[in-house]
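This briefing goes through selected features of one protein model, grouped by topic. Please keep the sequence and the structure in view while reading.

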Amino acid sequence: MTFESALGLLSCVFYLAFTFGYNNFYDRHLDEPEKNPLTSGDISLKSAHLLVWGTGLLGWSLSWGLSLHIGFLCTGMFFFSWFYSGPVQGKRVFVLGSLMNCLIFIPIFYAGILVFGKPVPGGTLLCLVLAPSVLIPQLAHEIQDRDSDLAAGINTVAVRLGKEKTIGCIWFLAGLRAALAWACILPGYLAMQDAVLLSLISCSEIGLTHLYKGKPSLATMRLGFRFTNIALGAGLLISWIFIN
């Protein structure tokens, strides 16, 4: 853990606080009270403004302190967060809204590469391996919010395709991630234990999709995807630092 990596981590923490807070701000009229502190009245609009833009500016400023490349990268991430959640409401566009999550979150992984200033063999391909880990929870979120999104005219994948076909998309993404992980072994981008971990996570997430039938189980399924991502991140961290 160097000073630069700690600064990069802090920048990403502030960026994520902005991204989720900004989305909550614009979804306050759509979300149920238990999902959004603005909808429930737990936080005022004035306080939300200060928190969202304060953390955003902190994260953006820290990114420029690391390097020009990271500054430009984070500026792009902030732009796509604004485009997705803000007045433009890019999330209302079929498929584009879902895919935009990759442009909001995957650059964080690439920023981690840039912090150390060294080329990572297969870095771009590894970003593709991790992309399903962003898209799968997003699709679960769209399934859970399908009724409210349909009423609000937000044309998500779940609204257009329905729940059953969206579950099929999750299965495809989980299988694709496992296949890409095994394909990364031969050129040496990933180790055997990494591919095994990614495959186990994919199988777990396919299993979680069987919880999508009712509203309470949809919330459980979505929470389950968060834990699989935590397990994936922790597992890769242990593998890359202590094993590889």
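The model is predicted. A search of the whole structure finds two salt bridges, and helix α6 has a bend of about 30° at Leu130.

**Helix α6**
- Helix α6 runs over residues 123–144, and its 22 residues should span 32 Å at 1.5 Å a residue. The C-alpha atoms at its ends are 33 Å apart, which agrees with that figure.
- The bend of about 30° in α6 is at Leu130, and a proline, Pro132, follows within four residues.
- Of the 22 residues of α6, 18 are buried, so the helix is mostly covered.

**Salt bridge Lys91–Asp27**
- The side chains of Lys91 and Asp27 form a salt bridge with an N to O distance of 2.5 Å.
- This pair links distant parts of the chain, 64 residues apart: Lys91 is in the loop between α4 and α5, and Asp27 is in the loop between α1 and α2.
- Lys91 counts as buried because its relative accessibility is 7%. Asp27 also has 7% relative accessibility and therefore counts as buried.

**Salt bridge Glu205–Arg177**
- Glu205 and Arg177 meet through their side chains in a salt bridge of 2.4 Å, N to O.
- Glu205 belongs to helix α10 (residues 192–208) and Arg177 to helix α9 (residues 163–183), so the pair ties together parts that are 28 residues apart in sequence.
- Glu205 has 0% relative accessibility and so counts as buried. Arg177, at 0% relative accessibility, counts as buried too.

- Gly8 is in helix α1 (residues 3–26), and its relative accessibility of 9% makes it buried.
- Gly8 and Gly112 are 104 residues apart in sequence, yet their C-alpha atoms are 7.2 Å apart in space.
- Beyond its neighbours within four places in sequence, Gly8 is in contact with Leu66 and Val115.
- Ser81 is in helix α4 (residues 68–85), and at 1% relative accessibility Ser81 counts as buried.
- Leaving out residues up to four places away in sequence, Ser81 touches Tyr15, Phe18, Thr19, Tyr22, Gly86 and Ile104.

**Nonpolar surface patch**
- Leu237, Ile238, Trp240, Ile241, Phe242 and Ile243 make a nonpolar surface patch of about 670 Å².
- Ile243, one of the patch residues, is in helix α11 (residues 215–243). Its relative accessibility is 56%, so Ile243 counts as exposed.

Methods:
Residues numbered from 1 in each chain as written. Predicted model: local features only at pLDDT ≥ 70, side-chain atom pairs only at ≥ 80, totals over all residues. Heavy atoms only, no water. Helix = DSSP H or I, 4+ residues; strand = E, 2+ residues; numbered from the N terminus. Expected span 1.5 Å × (residues − 1). Bend = angle between axes of the 7 residues up to and from the residue. Buried < 20%, exposed > 50% of the residue type's maximum accessible area, 1.4 Å probe, protein only. Patch = residues over 30% accessible without salt bridge, like charges linked within 9 Å, V, L, I, M, F, W, Y side chains within 5 Å. Areas by Shrake-Rupley, 256 points an atom, 1.4 Å probe, with all protein chains shown as cover. Salt bridge = Lys/Arg side-chain N within 4 Å of Asp/Glu carboxyl O. Contact = heavy atoms within 4.5 Å.
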